[in-house]
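The following exercises concern one protein structure.

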Amino acid sequence: MMWQLSSATAPGDSGQNEDWAAAGPTFAVVLDGLSSPNEDNGCHHGTKWFVAQLGGCLCSQLVNDETSLKEALRSAIDMVAQRHARTCDLTHLGTPSSTVAILRNNDHKGAWEYLLLADSVVVIDDLVAGVQAISDKSVDRVATREKADIALHQVGTPEHRESVERLIAAQRLVRNRAGGYWIASADPNAADHALTGELPTGRLRRAAVLSDGAARLVDPYKLMNWPDLLDLAAAGAARLIHRVREADQADAKGAIWARYKTSDDATVIYIGPPRVPVAVGTPRASGTAGAEGTAYDQPRRDLGGPIDSI
Ligand SMILES: [Zn+2]
């Protein structure tokens, strides 16, 4: 089957995009580097460098179908750690870190596989189970008091900034520790704590891999559901990001939707049927280009199933 991949990414408030994305013939990867206040992280390279290194190393591992997603992530984390172990303090609580979201079509197994570490999202439109959004939300179970405090302050105020810094400090204490939450940084063991799963190759209708900044229209804004988000991404990955930015700006101070910043870095990779004629010259029903039942191979919507947000 032919797949069409489209992607878009945009920086958030800081203007420094610490998301990273890549797609190959069989996989899509989205990383979301964690911001580090005042670059207090023991690493003179910085978060952008870290996510780029991690992404490159991950891609080099993912091309081998016989390497599991967890093994690929474990190796990639280890490779990056070796690249700056001599120059940087990798024991620093704020050492650069990143969420990880991977979707891979594994020919060897005849399955689409996914991996999530921390709160990026993979949305899968499964012909049997319907649309499911998968994310590792374990970070939401820690530092809940500090997180609740952020909602008391308007984005952009000194009080808000201080509450975000208190949350970051609290999260660092339980990052990559038993009873806390896990994320890709300098400890390869984090890979063992990733959320993984798979579905038979023929069951995937379409999918999207997103950083949390691009998933906001559904979670937490609730302006649409996951099938709507897939429809929007199918119409154009950049269009999805544009809609996120419109919603961000409509509540720039966080009065409706409490958050850490007005706009977060946002990245999406959409994987779906091609939106070009699938067989030029093949007789098809006439109709509007791009509509179902025409010469354009569009995802059908009549098999929609339960929506499951984890
Ligand atoms: Zn470094």
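**Exercise 1.** In which loop does Pro220 lie?

*Solution.* Residues are numbered from 1 along each chain as its sequence is written. The model is predicted: local features need pLDDT of at least 70, side-chain atom pairs count only at pLDDT 80 or more, and totals for chains, interfaces and linings use all residues. Helices (H or I, at least four residues) and strands (E, at least two) are DSSP runs, numbered from the N terminus. Pro220 is found in the loop between strand 9 (204-210) and helix 5. The peptide bond that leads from Asp219 to Pro220 is cis, with omega near 20°. Most residues other than glycine have a negative phi, and most peptide bonds are trans.

**Exercise 2.** State how many helices and strands the protein chain has, and what share of its residues is buried.

*Solution.* The chain contains six helices and 11 strands. A residue is buried if 20 or more other C-beta atoms, placed from the backbone, lie within 10 Å of its own, exposed if 12 or fewer, and partly exposed in between. Of the 310 residues, 40% count as buried.

**Exercise 3.** Is Ala118 buried or exposed, and what is its phi?

*Solution.* Ala118 is located in the loop between strand 5 and strand 6 (121-126). Its phi is positive, at about 70°, although the residue is not a glycine. Ala118 counts as buried because it has 26 C-beta neighbours inside 10 Å. Asn176, in the loop between helix 4 (158-174) and strand 8, also has a positive phi, near 55°. Asn176, however, is partly exposed, with 19 other C-beta atoms within 10 Å.

**Exercise 4.** Compare the span of helix 1 (residues 47-62) with the expected value, and identify what covers its buried residues.

*Solution.* The expected span is 1.5 Å times one less than the number of residues. Helix 1, with 16 residues, reaches 22 Å from its first C-alpha to its last, close to the 22 Å expected. Its buried residues include Phe50, Val51, Leu54 and Leu58. An α-helix has 3.6 residues a turn, so residues three or four places apart point the same way. The cover over the buried residues of helix 1 includes strand 2 (19-23), strand 3 (27-33), helix 2 (69-84) and strand 4.

**Exercise 5.** At what angle do the axes of helix 5 (residues 226-235) and helix 6 (residues 237-250) cross?

*Solution.* Axes are lines fitted to C-alpha atoms, for helices over the stretch in contact, and angles run from 0 to 180 degrees between N-to-C directions. The two axes come within 5 Å and cross at roughly 125°. Angles under 35 degrees count as roughly parallel, over 145 as roughly antiparallel, 65 to 115 as roughly perpendicular and the rest as oblique. Helix 5 and helix 6 are therefore oblique to each other.

Definitions and conventions
Contact = placed C-beta atoms within 7 Å.
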